[in-house]
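Subject: Structure handover

Hi,

Here is the structure I promised to pass on. Please open it alongside this note; what I found follows below.

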Amino acid sequence: MGLLRYIGKIVSGAWTIVLGYTVTIPEIFRPIKTVQYPREKLTMDPAYRGHIELAMLPGKDGHLCVACGTCVRACPSHVIKVQGVKPGAMGAKAGVSFLIDFSRCSLCSLCVDVCPMNALRHSMEYDLAYYSRWDSVIDLIARFKEQQERG
Amino acid sequence: MSANIAPGLWNWLAYWLSEEVLVAVVGLVIVIALITVNSIGLIYAELKVAAHVQRRPGPMEVGWHGWLQPVMDAVKLLGKELVTASAVNKPLFIVAPAIVILPLLVTFIVIPFGKTLIIRDLNMGLLLIFSFSALNVVGILVGGWASNNKYSLLGALRSVSQCVAYEIPILITVMSVIIMTHSLKMSEIIAAQDRVWFIVVQPLAAILYFVASTAETNRLPFDIPEAEGELVAGFHSEYSGMRFALFFLAEYTNMFIVAAVFTTLFLGGWRGPVLPGPIWFLIKVYALIFFVLVARWTFPRLRFDQLMTLAWKVMIPLAMVNLIVTALVMKLVQ
């Protein structure tokens, strides 16, 4: 009985050698899954959360920000700084300066949730590494204008 | 005067230009070139196989598909400082890499690359290979001991116990082949496989030899002496630069020798249709090495007691049974 179990163990052990190779060897000939980063880049999923940006809407010229400051108050890490200008007595206030310091952002998305005008959204940027911490300060108005020019 | 010297000089020249010396010198040059090229090629193959098993492209930057990567690594190692820690046993520390690599050079004397492409077809060819490749472990022990570092010493001790344990099943399985060929001469072993390769006649011996020789070369899943999760890098933790490269060179050369012996014993050596002998030999050797490389990504590392159990409780009894059955069958056939 003991001898039979011993032989059975050896046979099943030897069989796992074959099984192991049938798993790994076909894997060698399958196509490569990874992307050579600086040469090729992935397109991000629409649900991806990069840093925030001002939303662009079809049929609308400018952004929707009215500089109400709700996002500034909602932000737990004081990332956002907004300044607005009221053009005339009757006109609505509009944001003219919208700066974020991404180095402090934790991508919690509270600002996007809280915005009464739905002016904010997450961008698709993902290579968010900088040489200096001042590089992490992003001017969203300038970014918005640049995006508008590119179309 | 000159008439008296001339015959002596002539004899002296004739000796040094005789066929045997020429074969030895040319053979040595070819072997050293082969060891280097083989190691560089195997490092590249190792990187690429590792990458493709994990579905990565592997090295892609230096040269076409990164084929110069191992050459660049070798250049980097050549340029590195040879660090000698203050507490090491200096003479042993320096001599250890040489002890590891030199016996492996000797074994190339009897490896039959082709029908005539063999440096010296010694009567004791197989014995020479096993006795000299067993010296490899002395170098590892010396290196680990001289490093004066607990990780190195543990790695060296493990290496010794592993190599001693796996030397036995290797020799017993090889004995069962020798019983069939009645010879230790490499060319006669190949000649005996005229009609059928020994892997068909002796499948158990072939599998046992393959597994035991993987253990002998300290390859995964038997890389206990250099298990990086437990022992940093094992016996070569303290080595840097070209000394470290020599250990590396020895590992890949050992793989080549082990595969070459397997090819000679079980796969008919240089025999094969159409293509010339040496090419068949290299094809068989590198096909075997491919399996060793893939094994690294297939099987998890054995624990030390499992390693010993496998050697003493499984492989040695099986090899003994195989030897006895072979002897009986040979006696009955006679």
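Domain bounds here come from an automatic or database domain assignment. For chain B, that assignment gives domain 1 (1-79) and domain 2 (81-333). Keep in mind that this is a predicted model.

**Domains of chain B**

The centres of domain 1 and domain 2 of chain B, taken over C-alpha atoms, are 20 Å apart. Their contact draws 17 residues from domain 1 of chain B and 16 residues from domain 2 of chain B. On the domain 1 side, two elements give two or more residues each: helix 2 (19-53) and helix 3 (69-79) of chain B. Helix 2 of chain B gives the most, with 14 residues. By class, that side of domain 1 has 13 nonpolar residues, three polar and one charged.

**Chain B as a whole**

Chain B has 13 helices and zero strands. Its C-alpha atoms fill a box of roughly 70 × 60 × 45 Å along the principal axes. How does the radius of gyration of chain B sit against a compact globule? A compact globule of 334 residues would have a value near 20 Å; chain B has 22 Å, so the two agree. Of the 334 residues of chain B, 41% count as buried. Now take contacts in chain B between residues at least 6 apart in sequence: 78% of them join residues at least 24 apart.

**One residue: Gly125(B)**

Gly125(B) lies in helix 5 (residues 125-146) of chain B. Is Gly125(B) buried or exposed? The cut-off for buried is 20 or more other C-beta atoms within 10 Å. Gly125(B) has 25 C-beta neighbours inside 10 Å, so Gly125(B) counts as buried. Leaving out residues up to four places away in sequence, Gly125(B) touches Val110(B), Leu184(B), Lys185(B) and Met186(B). Ala156(B) is 31 residues from Gly125(B) in sequence, and their C-alpha atoms are 28 Å apart in space.

Helix 1 (residues 2-28) of chain A has 27 residues. At 1.5 Å a residue, helix 1 of chain A should span 39 Å; its end C-alpha atoms are 40 Å apart, so the span agrees.

The contact between the chains takes 14 residues from chain A and 13 residues from chain B. The chain A side has seven nonpolar, four polar and three charged residues.

Best wishes

Methods:
Residues are numbered from 1 along each chain as its sequence is written. Chains are lettered from A and ligands numbered from 1 in the order in which they are written. This is a predicted model: local features need pLDDT of at least 70, side-chain atom pairs count only at pLDDT 80 or more; totals for chains, interfaces and linings use all residues. Helices (H or I, at least four residues) and strands (E, at least two) are DSSP runs, numbered from the N terminus. A residue is buried if 20 or more other C-beta atoms lie within 10 Å of its own, exposed if 12 or fewer, and partly exposed in between; C-beta atoms are placed from the backbone. Two residues are in contact if their C-beta atoms, placed from the backbone, lie within 7 Å. The expected span of a helix is 1.5 Å times one less than its number of residues. Ala, Val, Leu, Ile, Met, Phe, Trp, Tyr, Cys and Pro count as nonpolar, Asp, Glu, Lys and Arg as charged, and the others, Gly among them, as polar. The radius of gyration is taken over C-alpha atoms; the globule rule is 2.2 Å times the number of residues to the power 0.38.
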